[in-house]
Amino acid sequence: MNFSEVFKHTNQLCRVSPDGKYLATCVQYRLVVRDVSSLQILHLYTCLDQVTCMEWSSDSQFILCAMYKRALVQVWSLEQPDWHCKIDEGSAGLVSSRWSPDGRHILNTTEFHLRVTVWSLCSKSVSYIKYPKACQKGLDFSRDGRYVALAERRDCKDHVSVFVCDDWQLLRHFETDTQDLAGVEWSPNGCVLAVWDTCLEYRVLLYSLDGRLLSTYSAYEWCLGIKSIAWSASSQFLAIGSYDEKVRILNHITWKKLIEFEHPATVSNSKAVVYKEMERRHVGGCDDLTLHHQITLGGSLFNTQSKYEICPLPVQIPVVKPDSDRANPKVGISSMAFSVDSRYLATKNDNMPSCVWVWDIQRLRLLAVLEQTAPVRCFQWDPRRPRLALCTGSSKLYIWSPAGCISVPVPVEGSFPVQSLSWHSSGQALILLSKEHLCLCYLETEAERGDVASS
Amino acid sequence: MAESSLESSNMSCNSSRLMYPSRNHTHSSMPLSKQSYSVLSAFCSEGNITQCISYINQEMSSLGFPALCNELDSGGDLKAVSVLNNMYELLQLHRRSLRALEELETEQLKSASHLEHLKLCNSRLKEQLEQSRRESTGLCERERQLQMKVKSLQNCLKNEKEEVQKLQNIISSRASQYNHDMKRKEREFSKLKERLNQLLIDKKDKRLAIEVLNYVGRSDGKRSLWKTGKTEARNEGEMYQTLLNDYESRQKELLVENAELKKVLQQMKKEMVSILSPRKHSQKGETIDDSLELPGSENEEEVCDSSRETLELSCEHAREQLTNSIRQQWRRLKNHMEKLDNQASLVQNGSLGDNEVISRKSHEETVEKLKLEIQQCKDFIQTQQQLWQQQLSCPCDDETAALLNDCYMLEEKERLKEEWKLFDEQKKNFEKERRNFTEAAIRLGHERKAFEEDRAMWLKHQFLNMTPFLDRNKSQSALKSPEASEVTVAPESQYHNAFSTPKAAPAKIPSTADLYRTLRLLPDHGSPRSQPKNGNWQDSDVILSRDVSAKSGFLGAADCSIYSLVGTESSPN
């Protein structure tokens, strides 16, 4: 495992191009594009103000830089550094800006969600989509980039419009049976649209691409409902995380509940493995390493070292009691992610902030619990292999795979509290972000890993 | 107590016959007698002796005592003997009565104490009764209180329910109010949005613009198309295409899955049928079950076959049939398993005790054995140690080494000797066998010679037969020849005990016989005489005779020789 040197960034703006060749970072009002392999600066662009949002186009040709405060969007071309484009939303304001999947249109959402403006880079045409709904996830492109579903609110009723991204033609428009629609999400195969209601009502509606209602699912009433939703990559499972600290998985044939995963405070499932991160102040004494224990790699003297230990069951997991008086209580499943092969599901329960739960979808049971010493900030699956990277705001990177669990200190001078991380599309590198700095972590290939394991 | 009282009553009963009258008398006479001691003149005086006597006599007789004086001569003198007897009797009676009195008194005491005790008991029980009564009233009171409580709680519950209802009503009314307000606000909000939008459009915002250096081509390189009905139709078509593709792929997956499941089902069914086939039942000798299940199983087979056909069709009714048959099979399997379980448990229960006993016994035995062995081993070790020490104590020089070497040599010599002996024995055996062979060869030579002679004879006969003047003789000899050969065979075989072959038979047969003899059996001519070997000979005889009967049929068919007899005996084998 190798680490690059450290670069600066602002606003956590750091993205790898979809083709995996370039790394774009924003530092104040400057946009820096680097080569991922050599980390040499290829281009340097200067924006009009501090960038608040940055995004690559799907073909890795253009970079969009949005400055919400000034309602400005600037687009830069990689092939023609001289080419420039500036979109001004004027007094309408700007709250969100994103590429369409074809990489030739930009969708800007104005303030107060008055409308969505579709700007084209190919022609002068501008289209407006009225009545977009301000909600958790009001807009979702299908994975193949052909369709976009948009949540709308008209006459105090929720609607969903499906547009064809090619020519922005309305394909379907239907009213949904929701109190207050909270989000829409396409299944990865683009044939089913999951629509979920606000947290006051537990309700998931599944619509076919042609607007037919396939199924409705509701687990309970009255209590706070859905908090997050995740499709498996195979479109076979829909995981619904809710405020009752449970994940329910629906199947794609009957759309009925397949299983319910609870997140108990005491893990007593004999088949699950609980990895507990143990911190050590002193350096050395790494003799008692086993396969499952961490492999420390040249950590600096000042960093505390940590390793994972397998706890004998049952294990009591620290639970934070949520403040029930306040809105949006810190309880329930806030984030879920399926591994790329749809075999594993990682979940995080908000009132157990230092734990990540990994479930085996093949056997439908708990596989592992990672108990960290600090609250988990972010976790993400390798886009190629079933391994999970997570960070806790400490200067360590944690990786789980079915074979075991390791913690690696980030070997930089001073501390590097990892706030978030993202995988390179090849699965061979990780971008680690602290508040102001970023660092690339290169993971060894299979063969090298084999060497390490055998030595 | 009861016994003693019973005894005493018995005693009194026994004595009452005699004593009852006397008791009255004693009672009446007691004060009198006392008085008589103190005041002698009270009853009897000098003057009224006779009266007294007569009176007493009367009294005595009335009480059943013998008379004091002769009745006949009234007023006569007293009979001293009878008086004394009576006196004695009376004294006895008195004493007895005194004793009885005593007993009665103790009895009375006892009964009094008993009474006391019973009274105590009674009072105690009364107290208990009182207490329990009090308790029961307390409990009643408590029950009443509890009932009151329940009632109040029920009231509370009712109130709470009402409250809940009320609150629910309030909530729902508020919710509806809230929803209404929300709607109103949202409507206002949307109106506001609309207005804002309008304003934005009306204002002709100068800033609202896009500045592009030059427009870029589409990512797919095509030019954008005009929006027409055609594109709409195309979009629709594409959408349905994707949906169709999805459904098709899903259907394919399901088909594959279905096929696999069907295969599994079929296999399960087959296995079930094979497990539950009637053959097994009959093997186990469950005749009753067999007779019951046979027709059923036949039906099963039919159903199975039919279902196999219908599996491919996968119709509704076929599915039903299949599931039914599977269910039936399953039930049978379950029954069977249960039966087996029962048997297994029975067997286990039965064998467990025996096993334990045996194991314990054998265990003890083995322990004993092992102890013995350990002791032996210890002894051995000790002796070895001693030897070692001896060896260590005396200097280990070349002599001892030579001695040791000698020891080894001696051992080796011993071994060599043994080997030599063995070798000698083997040699002897070989010698014997060689002798046998030579003898056999000699005999063979003899036999060959005889055979040659025979052949010569036969040739001579043939030659003679060929001559034209012996035509009549030829027919005779043709008739007689088998008989003649048999005649020759039978005595010979009897004589030689079958291994020396009949001369008429082919030359191969004696050779096999020889082989037998040389390989398996000792060829000594004396041996057939010994009894145990005889069986062996007969065995070989059997084989031979079989060969003979197979190769020359006429032998067995003709006069019953030993061959034929043995042959018929051996044939069923």
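This is a predicted model: local features need pLDDT of at least 70, side-chain atom pairs count only at pLDDT 80 or more; totals for chains, interfaces and linings use all residues.
Which side chain meets that of R154(A) in a salt bridge? Residues are numbered from 1 along each chain as its sequence is written, chains are lettered from A and ligands numbered from 1 in the order in which they are written, and side-chain values use heavy atoms, with hydrogens and water left out.

**Figure 1. Salt bridge between R154(A) and E152(A).** The partner of R154(A) is E152(A), at a distance of 3.0 Å from N to O. A salt bridge is defined as a side-chain nitrogen of Lys or Arg within 4 Å of a carboxyl oxygen of Asp or Glu. E152(A) is buried, with a relative accessible area of 1%, whereas R154(A) is partly exposed at 29%. Buried denotes under 20% relative accessible area, exposed over 50%, and partly exposed the range in between (1.4 Å probe, protein chains only).

**Figure 2. Salt bridge between E185(A) and K137(A).** The closest N and O atoms of this pair are 3.5 Å apart. E185(A) belongs to strand β18 (residues 181-186) of chain A and K137(A) to the loop between β13 (126-130) and β14 (139-141) of chain A, so the contact ties together parts 48 residues apart in sequence. Strands (E, at least two residues) and helices (H or I, at least four) are DSSP runs, numbered from the N terminus. E185(A) is buried at 16% relative accessible area, and K137(A) is partly exposed at 28%.

**Figure 3. Salt bridge between D158(A) and R153(A), with its network.** The closest N and O atoms of D158(A) and R153(A) lie 2.9 Å apart, and both residues are buried. Salt bridges with shared partners join K133(A), R153(A), D158(A), D180(A) and E186(B) into one network. Over all chains, the count is 31 salt bridges.

**Figure 4. Nonpolar surface patch formed by F112(A), L196(B) and L199(B).** The patch covers about 290 Å². L199(B) is situated in helix α3 (residues 80-203) of chain B. Patches consist of residues with over 30% relative accessible area and no salt bridge; nonpolar side chains (Val, Leu, Ile, Met, Phe, Trp, Tyr) are joined within 5 Å and like charges within 9 Å. Accessible areas come from the Shrake-Rupley method with a 1.4 Å probe.

**Figure 5. Patch of negative charge on the surface of chain B.** E411(B), E412(B), E414(B), E418(B) and E419(B) make up this patch. Asp and Glu count as negative, and the place of a Glu charge is taken as CD. E412(B) lies in helix α8 (residues 398-466) of chain B and is partly exposed, at 43% relative accessibility.
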